Every structure is written in C-alpha cells, then in structure tokens.
Amino acid sequence: MMHLLKIEWLKYKKYTAFKVLSLFFIIGIFATNYIVYSVKKNIINDIDTQGLISFSPYSFANTWQTTSYVSGFILLLPGLLLIMLFTNEYTFKTHRQNIIDGLSRHEFINVKIMLALIFALVSSVFVFFSASVFGFASGTDFSLNGIEYVGYFFLKALSYNMIAVLFSVLLKRTGFATGLFFIYLGAENLLSQYLVFLSMKLRVNYDMDAGNLGDYLPMNAADGLLTFPKNMVTSMAKSILPTDFTWVVIAFAVSYLILFYWWSKRKFVNSDL
Amino acid sequence: MSILSIENLSKQYGPVRALKSVSFTVPKGTVFGILGPNGSGKTTLLGIVTDILKASSGQYKWHGDLDMADQRKKIGTLLETPNFYHYLSAIDNLKIAAEIKQRGKDDIRKVLELVNLWQRKDSKFSTYSLGMKQRLAIASTLLGDPDILVFDEPTNGLDPAGIAEIRELMKKLHQQGKTIIMASHILDEVEKVCTHVAIIQKGDLKTVGTVKDIMSSPGGKTTTAVLIEIASDNNILLQQTVQQISGIVNIELSGDELHITCSESISAAQINRFCFDKEIVLTKLNVKRKSLETTFLEITGNQSDK
C-alpha cells in the first residue's frame, strides 16, 4: 500500500488545486469554529450580562461536540477535492495508463478509497486539535468526555468522501460528478427535513417513535449524529422530538459506507475503462 | 515460443460486434503488425490484452499466463493517445510511470534524450505539441528496457523526420531481439517495419502470417507481379513500344506516366535497353514490388469501413 500511496503523492504534490483546497479546508476548520467561538464570547456575552445563557459551547467537554458539528459544514471541500483528483484521471485518461503500466484495477480503486479514508482521518485530527485549542481558550480543563463526537465527525467525513469516490467512478466527468454531489446533498437534505416533521407527527399523533427517519438517509445518517450541544430550547422540545437511536443511526451510516465501497469497487473492476 | 496468444477473442459494444472470435499468436522476436482500416477493431484488441477493456468472450495469455498486472509492468505500451498528467512536467510524468512499473527510474534521462525531449524535460505536458506528446509516450514505453513493446499507431501526429526516427528506433529495438506489436492503418509503415502481419477488418481476422508470405500469396493465390513506373516525352509512343515486350501483363496510363505490371522475369534494365534501342529516352524508371497495399486492398475489398 505504501508503494501505491507514493504513486498518488507523486501525482498530487505539484497539483495547485490540491494544495489550495487542502489549505482552505484546514484554515476553514479553525476559521468557522473561531467565528462561532467569538460570536458567543463577544456578542452574546455582551448582551447577556446577567449570564442567563450560562451554556458555554466551547468548554470541555462541550467543545468536542460543538467543533465536530461546526466543522461538519465544510466537509464539502475534501469531497470536492477527491472528485477532482479522481475525475482528472478520467479526463487525462491516466486511469487507463496506470493500468497499462502495471497497476491492477483493484489497486487503482483501492488507493482512491484509501485516500478517502486518509482525508477523513486527517480532517478528524484537525477537528481534535481545534476542539482542544478552543477548549483551552475557554479556560476549562482538558477532558475526553464527549470525544465520541469526533468519531461521529470521522464517520460523516468518510461518508462524504466515499460518496465523492462513488460519483466519480459512476460519472467520470468532473462537472457531472461535482454537480451530482451538490444536487444530491441538497435533495437529501430537503427530504430529511420532511422526514423530521413526519417523525414528529408520528410521535405526537400516533405515539410511534422510530427515531428521526431523516437520519436513516445515506448522507444524513452520519450527519444526524452531529448536533449542536443540547440547550434549553432543545430540552423543552424533547417531548415532541423523536428519540435519538444513536446505535441504529451508526449502523445505518456504516451500512451505507459498505454500500459505497462495494459499488465503487464493482463498477471500476468490471467495466471498460 | 509465443509472447502473446489470443484465443477466440470477441468484443461486443451493445449491438456492435467490434471483434469476432479473433485468434493468433505473436512469436518471440517479431515485429508484429496489426493492420486494418479505421474502426476495424485494432485498438479494441490491444485494449483487451492490456486489461483496459473486458473481452465479451475468449482469452489471451502473455508468456502463456493469464493476465496479471505484474506482466504489464514489463511491457511498454502506448495505446491510442499519450495519456499523461497535464499539469506535470515530462520528468514528473515519467517518474510516476517508473514508480508504477517499479523499474526504469534511472532510465528517465536516457529515454528523454532518445526522443529529443531532454531540453523540454521541465515543461508541463499541457504545453507540448501533438508530436512531442507522442514522443513522450514512446519514451515512457522504453522505461525499464522492456522486452515487449506494444504500439498503437506510434507515428500518429509526428512530422516526417519524427516518423523516420521512430521507424529507425523500431528497427533497432527489433535487432536487439525485442518483440514489438504494432497496430497501424498505414500500410507503408507495416510494410517497412514489420516481419509479421495480421489483417483485420470489421472485427474479423482476414489473414495472418509473415509479411513476405502474405505479399506473395494474397488469399491463397500466388501472383508474384512487379509494378514498374515509366515515363518519357511521348507516352503514347512509349505505350505502343512497351507493348511489344513479352511478359507484360498490363499497361495503364496514369497521369503523365505508365504503370506496367509484368512478371518477375523482366528487369528494369531490359525495359530501359529495349526503349533506348527504339530511340525512346525514359525520363522516369521506378521499380515497385507488389506492395502490401495491393494485397491489402485485394483482401479487404476496396472500401473503407464506416
């Protein structure tokens, strides 16, 4: 695998878009969290002089959940980057040349999936660091309580990256794959909004609580695990909101990942290149 | 020993049958030409044996083994178009190829010099002309000094000097004992470079054998004819004169010259002397053996596939 990763590194190390998007993403994680952090610190605290909102999103252990949730919004970037890197191969027909030169089809697709995994891991490491930084900046003591949210972030990142790989294999063209990536995410989001209301209706009117149905969709599964830390508003709404069946949602997220993995591999290994 | 054996290879693209049960073997040390008009299935055939395309049925073996990626590492292949990363330089592109092949990293300078690209080694691939791209692709096939080379239309996009260089290179590689498989629609190229030829048309293998055998017996017929082109100041008179030579099969006036088809027993010197004795001075005398082109047209019929 190191041999394969070295080949990938030779392909990307001088690719400007790779460097720029990676940098944007890393800066983005810190920047978006900093915005939320400073809004709370400088604006909300100024208005709320009596300390009515005692809730502090970036204190340990809240910081794991807040940072993971906030950083989740810029996961589009590594997904887009993966689509670019993969569909470039189709554009340049280098996917053919790599095979001609002696890679097996399995090796070619495996290393792309490995990239999806590495991107998700690296993103999670950066989330871990920024969560720690903002935790300490809030003047609280380090605690690993709630660290599972970084794990959920990893799941979400991997889901985004794997669907990016799948769309690249299926559509081959940068424009089409990118377009579908955005349209799909948007459409699934709309559908999940509808399903949230449906779930609430079911609970209130029929006393059926199957959890938030929206969370069982491919991209929303990992997403549903990441929410803003519970505060007064969500506590009050608890009686009408469906229950979070965390393990069921994780099971769905993992199943979708397996589906993306299997589908991308099957498509690349069996079709004409 | 055979380098590549192909058994009943077929390929179907929807309703189109691009290859129809093609079988042949490529002996070691030959320059094996795959000849056919555009769209005849040459690239499809080479695509299958390099694992780019999946055969609908049939199989192929390199060195008697079924396909393995490791075998391809020892084959230098140029298929259809030069495929490189546009944003990388020649040298960075070749580093990737060498890393995939796990051989030839030290050959990069040598192969770039061989195709006259060393001066431009640091330019991005996207800035190259068509001919330069083609030469880079040929350079890439030579990395690691492979014993087998597969070229699909290798002189595509090259200028006349480039074409001559590549042909010389192929002859040199052949002399070094390497096996070369080359697809081409240019008859002249196959005739000049190849030892063996397979002619395919619309996915059908029409004939296969040594170039010499095929040229002397197209489709089983044995005709060893010689084509001689002559011209003089008065071609009408010349035609009447030449008709008197025995052994002439056919005379045809073509433009401002005569094309004479005759048996091999007649030499150019004989014709020249005969005409000179009749006080006709030839302004042109050009002997052509029966070319692969005539054979090719006899086999495939005088039409393009489309």
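These exercises work through two chains of a predicted model.

Residues are numbered from 1 along each chain as its sequence is written, while chains are lettered from A and ligands numbered from 1 in the order in which they are written. In this predicted model, local features need pLDDT of at least 70, side-chain atom pairs count only at pLDDT 80 or more, and totals for chains, interfaces and linings use all residues; side-chain values use heavy atoms, with hydrogens and water left out.

**Exercise 1. State the secondary structure of chain A and test its radius of gyration against the globule rule.**

Step 1. Helices (H or I, at least four residues) and strands (E, at least two) are DSSP runs, numbered from the N terminus. Chain A has 11 helices and zero strands. The order from the N terminus is α-α-α-α-α-α-α-α-α-α-α.

Step 2. The rule is 2.2 Å times the number of residues to the power 0.38, and the radius of gyration is taken over C-alpha atoms. For 273 residues, a compact globule would come out near 19 Å. Chain A has 21 Å, which agrees.

Step 3. The C-alpha trace of chain A spans about 70 × 45 × 30 Å along its principal axes.

**Exercise 2. Describe the burial, contacts, surface and charges of chain A.**

Step 1. Buried means under 20% relative accessible area, exposed over 50%, partly exposed in between (1.4 Å probe, protein chains only). Of the 273 residues in chain A, 48% are buried.

Step 2. Contact means heavy atoms within 4.5 Å. Take the contacts in chain A with a separation of 6 or more: 82% of them join residues 24 or more positions apart.

Step 3. Accessible areas come from the Shrake-Rupley method with a 1.4 Å probe; for residues, only the protein chains shown count as cover. Chain A has an accessible surface of about 13,100 Å². Carbon and sulfur atoms hold 70% of that surface.

Step 4. Lys and Arg count as positive, Asp and Glu as negative; His and the chain ends are not counted. Each charge is placed at NZ of Lys, CZ of Arg, CG of Asp or CD of Glu. In chain A, the mean positions of 21 positive and 15 negative charges are 12 Å apart.

**Exercise 3. How many residues of helix H1 of chain B are buried, and what follows the helix?**

Step 1. Helix H1 of chain B covers residues 42–49, and seven of its eight residues are buried. Among them are Lys42(B), Leu45(B) and Val49(B).

Step 2. Asp51(B) follows H1(B) and has a positive phi, near 65°.

**Exercise 4. Is Lys11(A) buried or exposed, and which residues does Lys11(A) contact?**

Step 1. Lys11(A) sits in helix H1 (residues 2–12) of chain A. Its relative accessible area is 0%, so Lys11(A) is buried.

Step 2. Leave aside neighbours within four places in sequence. Contacts of Lys11(A) then include Glu89(A) and Asn98(A), plus Tyr85(B), Tyr87(B), Leu88(B) and Ile96(B).
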